[in-house]
Amino acid sequence: MVGILRAFGAGSYSKCISDVKAICLHPADSADVFAVSKTAFTGAREKHSSLRNTNWAITTGGKARKQRNARKEIISMGASLGDKEGPAATEDRKVTKVRIHYNRRDKNYDSWGLHVWGDVRDVTQWDSPLAPGGVDDFGCYWDVDVSEGGKLQFLIHAGREKEFEDVMDTAKTQSIWVVSDYRDVFTEKPDLASIPRGELGLARALWVTEDLLAATLEGDRFFLHACGEAKLSVTGRGVEGGSMKLELKEDIQGLPAKVVEKFPHIAGYKALRVPPEADTKDLVKCQLALSSRDSTGVPVDATGVQLPGVLDELFAYDGPLGASVMERKVTLHVWAPTAQNVRLMLYHSPSGGEPFEVLQMQENKGIWGLEGPVEWIGKYYLYEVSVFHPSTLRVERTLACDPYSKGLSANGERSLIVDLSDSSLKPEGWDDLASEKPQLAAFTDISIYELHIRDFSSADETVDAALRGTYLAFTEKDSAGVKHLRNLANAGLSHLHLLPSYDFASVDEVKKNWKLEDFEMLRKFPPDGEEQQAVITSIQDEDAFNWGYDPVNWGVPEGSYSTNPDGPVRTLEYRRMVQAINRMGLRVVLDVVYNHLHGSGPTGRHTVHDKIVPGYYLRLNKDGKIENSTCVNNTASEHYMVDRLIVDDLRHWAVNYKVDGFRFDLMGHLMKSTMLRAQSVLRGLTLDGDGVDGSKIYLYGEGWDFGEVASNARGINGTQKNLAGSGIGSFNDRFRDTIIGGSPFGDPQQQGFLTGLSLQPNDLHQGDERSMADSLAAITDWICLGLASNLRTYVLTSNKGEEVKGEEVLTHDGVPVAYASGPEDLVNYVSAHDNETLFDIIMMKTASEVTLNERCRINHMATSLVALTQGIPFFHAGDDMLRSKSLDRDSYNSGDWFNRLDFSYETNNFGVGLPPKAKNGSKWPLMKRLLADPKNVPSKDQILAAVENLKELLKIRFSTPLFRLKSSNDIRTRIRFHNRGPSGIPGVIIYSIEDGEEGDFGLAQLDRKYRKVVVIFNARPDGVKSEVEFFRSLQMSLHPIQMTSRDELVKVSTFDATTGTFSVPARTTAVFVEARQ
């Protein structure tokens, strides 16, 4: 599991971790712990109509039944551990014998056993289940000794294959009957002939091409059933209630290669041919079921049908979608091939009231369209869609916003018809903004600062109170926050990454409804108090704050950041923000979340896409249930129209809002083909044709590989490894974890290169001295590779003295540390919005004797490792201000109190109370000790030192092109690491970057000022002297910027040319240069 946890990296997974639970699988399966969405256990099953009027008693099964219904292979914690507490607690109770009956259609019981625990006399071992005690006319049975009135927990299995798990309450019954492939438990013997075979609430068949279904149903004959009124049901006689029934023939050749390529997770499914007389385009509008029978005609199984494959083949579309404004008319188009009807509802107002006009839309090949007058501009609208919805097994009439909305009313209640080319929605000079964009000669010149829009100004008293927390705060030229950003831009920062600013669900856009913190009251509580978090969590779903990783309408700016969420105001204000940031000298990156959507199902204003084409936009598992590995409602970019919507949306933001780059949340859950197509479309934008220069747009994201898409299970996905060589960047979690220590999901005290591993251990046991020293040496190799852009082909002298390629250095789970093919592939970082801030994690990991001033220096060093690396450096806003969230590890919903930034530099927000208990409670004892100590609160001078540190590092980075090498070949040939091998000084990294001489063969000359640059990272708690023969007789000196640094300690760093010895103080990064004469 360590590999899976590492792969999550800085991912947004933690934002939704409160919505998942850990389930332990039996050791026979895995020692790993998987995160499984709660929603997997809570979906109600549609009852079979044939059972509604019977008098059979069926147990509810409680939690165990929900688990079994969701995923048969999951075993409860009790089953895994063989919980023996039951019998121990009931030793004096009388023992009674109960019976469990079990029926299988194939009558083969030889390999099936019963695993029991709970209030039983003898708990079974997993490898030694109870064998059947006998066979009767129903099937086999087991007799189990149970404490009288106790609860028997049981699981029927054959080796690794699990069939059934439940809890038997012996106070209510002494016998139960279980039927294979049927999910209820009977307390009276059932009539096997009347039990429904199959379930239409699941969709275990996929219609993959016009003439082909794929399924795993057993049986000899197969039938496709359809009903436009959704009256299909399963009885003991099979599927009934349909208006059409077609027999499908199995193709013994199996699924074609092109189908398996598109849907690799169904390789091995049966291929069932649809007869040519089938009217597929009408059938997809119906409730569908696939049933099977044996050779004698007896029903075997039945299931619903997934449609994305056939929809892609028959209805893929590249024409206009959404509301389009032309000279004299407005046109609306919505893709809804499974809809039975679509009507347009037009409204004068953003909410309330009835539509002033209801118009029937016309369908053409799955596209429903309508044309109207230009007077519709400024009007609000919804689509009324009549469509079969698999989540309810009914034809639903839903009201939905437009998936291609370009405007909205507050809280996305209605879509808005808006003309984005209207001059009233453009700030002065908007059309010429492309000519004002900050210069960007190469993507390797990029450096990124990640910032939340509300954090930027919510606590900044130099911003007009009415504009705090809004887009327009960035237009306040004299505010403290704007001055801070402008200073960073002047130092060399190139891009400002804004956390999600599309329409998201978690904040009420109507400001009068907000419940806000009383800061004056909160300041009265102790620095380690529980009171602050209690106040914040009591209003956290009703306040103004959230990170916003819960998208609803991708194409519209979020309304809570606007001064008016109704109408087109948000469009104008977003443009003003982009323009203002560009004029500060920074390009704008939009954080996009295309891997999931907030809503699903046919109801609620936060559901859009799944109302219109149910079961298409969201990725489904083999049972037809929505995958939730990203958090909730995973999207399926492998489907044509989902891919198209994502790419269209990116183009929309680039052209209509002049966004300069995109960061992809959980990018590994998108297909690589989607990422490459997005890159191609965006890079193809031109100043003449589109008003923007697409060749300057950079894409990067979280390339973690986990969930249902892991290892290309749904197609080649956008992971670190798969995107290597594409020029699309991915976050380097190896760099983060080794510098700081541990992982975001491990113990927060686990140490790394900078935080004292081996050199100054804390109280956490991390092995003996030898093992800690070995660990430090190993992770130093990882960091060296990260500094060399984590190139797979970079040859490094390892800590053992061996020459190894980056791809030959492996993580603890056997994955190559290096995955990049070039510097554009890599985004190096040590902190981001996820997890603790850099300052906070340093506070938690360093030993108690480390002083605050030393911890601040560690913060500076972490920033320097990012700033002086090859590839793209990425900084979390506030890293340069010792930013604290009072140790909160997941502040996505922790309000302004824990997330605020102080651009006056008076405070860093440390010690403002214990962070919210839900995510941090297990670490409160450690946190209380740290937060209560006033010596841990930085002074203004210490904060200012951090501010100056980042500016100096950016100036150093941009003082020479040698820190921004553009090719993998340059990195391989110019960068050399010293102090390597077994004799290397632990905790010290020395690397040099060579330049060539003009006119000489070999290395080209890149830098007019410097012939050579040497960087020394001394993470040791003491000063270091390192003699490197390679540098003897060279005229090296401290970098001019460090010679005049605010940091007095770095100034005492020296180089002795006669011996080639560098002297660098404790916890200091020193840069030396050989100047050209």
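## Before you start

Residues are counted from 1 along each chain as its sequence is written, and side-chain values use heavy atoms, with hydrogens and water left out. Because this is a predicted model, local features need pLDDT of at least 70 and side-chain atom pairs count only at pLDDT 80 or more, while totals for chains, interfaces and linings use all residues.

## The nonpolar cores

Let's start inside. A nonpolar core here is a set of buried Ala, Val, Leu, Ile, Met, Phe, Trp, Tyr and Cys residues joined through side-chain atoms within 4.5 Å. Buried means under 20% relative accessible area, exposed means over 50%, and partly exposed is in between (1.4 Å probe, protein chains only). The largest such core has 214 residues, and the members that touch the most others are Trp335, Phe474 and Phe662. Helix α14 (residues 640-656) gives this core its largest share, nine residues. Helices (H or I, at least four residues) and strands (E, at least two) are DSSP runs, numbered from the N terminus.

What does Phe474 touch, once residues up to four places away in sequence are set aside? Its partners include Leu451, Ile453, Phe456, Leu496, Leu498 and Met584. Contact, here and below, means heavy atoms within 4.5 Å. There is also a second, separate core of 25 residues, with Val98, Tyr102, Trp126 and Val178 among them.

An unreviewed UniProt entry lists residues 97-187 as "domain: Pullulanase carbohydrate-binding module". UniProt positions are given in the numbering used here, feature names are shortened, and annotations may be inferred rather than shown by experiment. In the model, this span is 0% helix and 52% strand, and its end C-alpha atoms lie 16 Å apart.

Now for a sheet: β5, β8 and β9 line up in that order as an open, antiparallel one. Two strands pair if DSSP finds at least two bridges between them. At the edges are β5 (113-118) and β9 (161-169), each pairing on one side only. On average, neighbouring strands are turned by 20° against each other, direction ignored; the axes are lines fitted to C-alpha atoms, for helices over the stretch in contact, and angles run from 0 to 180 degrees between N-to-C directions. Strand β8 (residues 151-158) is joined to β9 by eight bridges, and Lys151 sits opposite Asp169 in β9.

## A four-stranded sheet

Another open sheet has the order β21-β22-β26-β25, again with antiparallel pairing. Its edge strands, β21 (322-325) and β25 (362-364), have a single partner strand each, so one side of each is left without a neighbour in the sheet.

Seven bridges hold the antiparallel pair of β22 (residues 329-335) and β26 (residues 367-373). Across that pair, Val334 stands opposite Trp368 in β26.

## A run of parallel strands

Next comes β34 (residues 587-592), where six of six residues are buried. Arg587, Val589 and Asp591 lie on one side, with Val588, Leu590 and Val592 on the other. In a regular strand the side chains alternate between the two faces of the sheet.

Strand β34 pairs in parallel with β31 (residues 495-498) over four bridges, and His497 stands opposite Val589. Four bridges also link β34 in parallel to β35 (residues 661-664), where Asp591 stands opposite Arg663. From β35, the chain of pairings goes on to β36, parallel and over four bridges, with Gly661 opposite Tyr698.

Which residues of β36 (residues 698-701) point which way? Tyr698 and Tyr700 point one way, Leu699 and Gly701 the other, and all are buried. Two bridges then join β36 to β37 (residues 729-732) in parallel, with Tyr700 opposite Gly729.

## A buried loop residue

Asn621 is in the loop between α13 (609-612) and α14. Is this residue buried or exposed? Asn621 counts as buried because its relative accessibility is 17%. Its side chain reaches the backbone nitrogen of Asp623 at 2.8 Å. Beyond neighbours within four places in sequence, Asn621 is in contact with Gln306, Glu627 and Arg714.

## The C-terminal domain in the record

UniProt, again in an unreviewed entry, lists residues 905-1074 as "domain: Alpha-1,6-glucosidases pullulanase-type C-terminal". Those residues are 25% helix and 24% strand, with end C-alpha atoms 36 Å apart.

Key
Polar contact = N/O pair within 3.5 Å; in protein donor to acceptor, adjacent residues only side chain to side chain.
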